[in-house]
Amino acid sequence: MTVVGSAVDVAYLFWEAESSLSSDLPDSPPSSRPPSPSNAAEPQLSRVCSSFIPRITRCSPDESVMMPTKDVPAYLDKALLALGLHTEARTSFITYWLPSFLKYNHIALRFVPQVEYEAAAPLDVSPPPNLVTRIFMVFQGISADRIGGWQKARERSLEPVDFWNRIVGTEETRQRDPTLFHVLEWGGIINLSSTPTYSKMPPTKQDLDASLVFFAYKGRKVAVVRPMTYAEAISLVSQYFRPLNRVPVDNITISAQLPDHQAQGVVEIHPEAWQVALRTVDTFEIGVELNKQPIDLMVNVFHSPSPPLADWVSADPSTSSRTDNQGAPVRMSSDNCPSTNYLSGRGRGRGGGGGGGRDRGPVLIGKPVIYLYPTSPIDASVKISLIPQWRFSALYPVPAKGAIRDGKFSRSAEWIVSSNPDGMMKVKGTSIEVAYLFWEAEPNRAASLLDSPPVSRPASPDAPSPRPGFIPGVTKCSPEDSVLLHIDTVPFYLDGALLSLGLHVEARTSFISYWLPFMLHYKFVAVRFIPQIDYEASAPLEISPLPDIVTRVYMLFQGIAEGELGGWQEAQRRSSEGVDIWKAVVGVDETRQHDESLFRVLEWGGMEVF
């Protein structure tokens, strides 16, 4: 698609929503038409339905499936295929939600009937399509002590996935008719298992006010259902505030001013004092202390990779896990991009945010994906390795050796695939077809930061000799190597830069829509792209047979506070020089990367640094 009035091409339209308690919760969603014109004559789908309310609608054993997390990707691939999603959409759906799934040992999920979703988010397309398919998933983590109550959902997960067609209301035959104007949308919500289940009417605003507490971090407040344990509070905090997604839970502090001890000022709350503080305090301040001594917490956040897929684990200060803000009260996406939905005192926080002033801090490493474009169908092995400063946190599809989450005990993953010229791949020994290979990593703070990345081969066979220079968690943006952008100019600048670096439309759309919600926390951001040779030294990529050209595009960005802009004038001037400057920095071969007579490999990824 080309956006009218601009030169921007996109592969899909992206939107996200946030939930607010300012609206009257008992109100029903607006009446709407059926989700597809062809369903208008079917009374069971044309009724006005109000049973889907963001943040309130949840999973239950009577309408969901429940399974071990390790089984979820394969199940979703089958279910989404049955619901009509093409390969790229299925791959994006699963890889977007996988890091959130990996926080839990068991997952309950359901797909919302289209007519209910349509009532909550009406979609108007002109001219009217022949068919509209809207797939929306609700899921939540199930703790070990609750599995017994989900037996019915577990048994349902063993049934063929076709029953979701009837529940969602899809038309399998018409979905595959290329002569029809067809619209496809997908998205989802994660609901926290700690949130109360309301069996009848939604709660009144007065009921919710009575059970809310407020977490404040860097000037932004989030209202949450009152957590009854300190561990639950830490879990919610690490999920709601994106800058804390990568901070080990042991380094997060919760403080408050106690009404009965006002002379002490604001004090840090110890886990054993949580229940006492909760009686009189409703607003807590969140902080980060990098040298804080670890506390043995049982936190429902996937911070410890051993044992794999543990649902309740002791926090390990050397590890952390990207949450994509998956703990937000409501989370929606129309494609594979993060979608944040806060109960927030100041919305998206575009007042400048943090980002500067700290020598070291957490990083958010997001969705590196690898595309293969051979000249003819081939069998290929793809191996990605990592230096000790980072380790895998999520992988999809499951590699030949390893699991969907390899954790600290493995820093290499290898896939054996059958690859086609159109980019589609099938994993050897399975029926899973994917549009790309997905990996995600987290910083390994246990590794010595003085260790240099290993010297590696060039990213492309004819590239110059390699050199080290990129260390995850250490390398940052600076005025000498970055551009400084106002948030309003970021999407257009990135589209031009990525086009210049050789990314096709789908890759550019996915890249921008993935990172945009994270960038929207700041009014100004510094952006840089890492030279391929430096990135290759930190994450060597080995492919057999050897490609003719490999293009690896990796971005760093950092929020810059308005008070720090004076030190970024050089980066601000560089932003006006045009996007072609990144070709030489990254080291791309523009001519060869578009030559379809060559075996081409493309990878993109990124990292937010603080």
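Start with Phe181, in the loop between helix H7 (172-175) and strand S4 (182-190). Keep in mind that this is a predicted model.

What does Phe181 touch? Leaving out residues up to four places away in sequence, the contacts are Val125, Pro127, Pro128, Pro129, Asn130 and Leu131. Take Pro128. Phe181 and Pro128 sit 53 residues apart in sequence. In space, their C-alpha atoms are 8.4 Å apart.

Next, helix H12. H12 covers residues 505-519, 15 residues in total. From first C-alpha to last, H12 reaches 21 Å, close to the 21 Å expected at 1.5 Å a residue. Of its 15 residues, 14 are buried, so H12 is largely enclosed by the rest of the structure.

The crossing of H11 past H12 is right-handed. Which residues meet there? From H11: Val490, Pro491, Leu494, Asp495, Leu498 and Leu499. From H12: Arg508, Phe511, Ile512, Leu516 and Met519. By class, that contact holds nine nonpolar residues, two charged and no polar ones.

Last, the cores. In soluble globular proteins, nonpolar side chains tend to be buried together. Here, the largest nonpolar core has 112 residues. Phe111, Trp390, Trp439 and Phe529 touch the most other members. A second core is separate and has 26 residues, among them Val224, Ala233, Leu244 and Val281.

Technical notes:
Residues numbered from 1 in each chain as written. Predicted model: local features only at pLDDT ≥ 70, side-chain atom pairs only at ≥ 80, totals over all residues. Heavy atoms only, no water. Core = buried A, V, L, I, M, F, W, Y, C linked by side-chain atoms within 4.5 Å. Buried < 20%, exposed > 50% of the residue type's maximum accessible area, 1.4 Å probe, protein only. Helix = DSSP H or I, 4+ residues; strand = E, 2+ residues; numbered from the N terminus. Expected span 1.5 Å × (residues − 1). Left-handed = near helix turned anticlockwise from the far one by under 90°. Contact = heavy atoms within 4.5 Å. Nonpolar A, V, L, I, M, F, W, Y, C, P; charged D, E, K, R; others polar.
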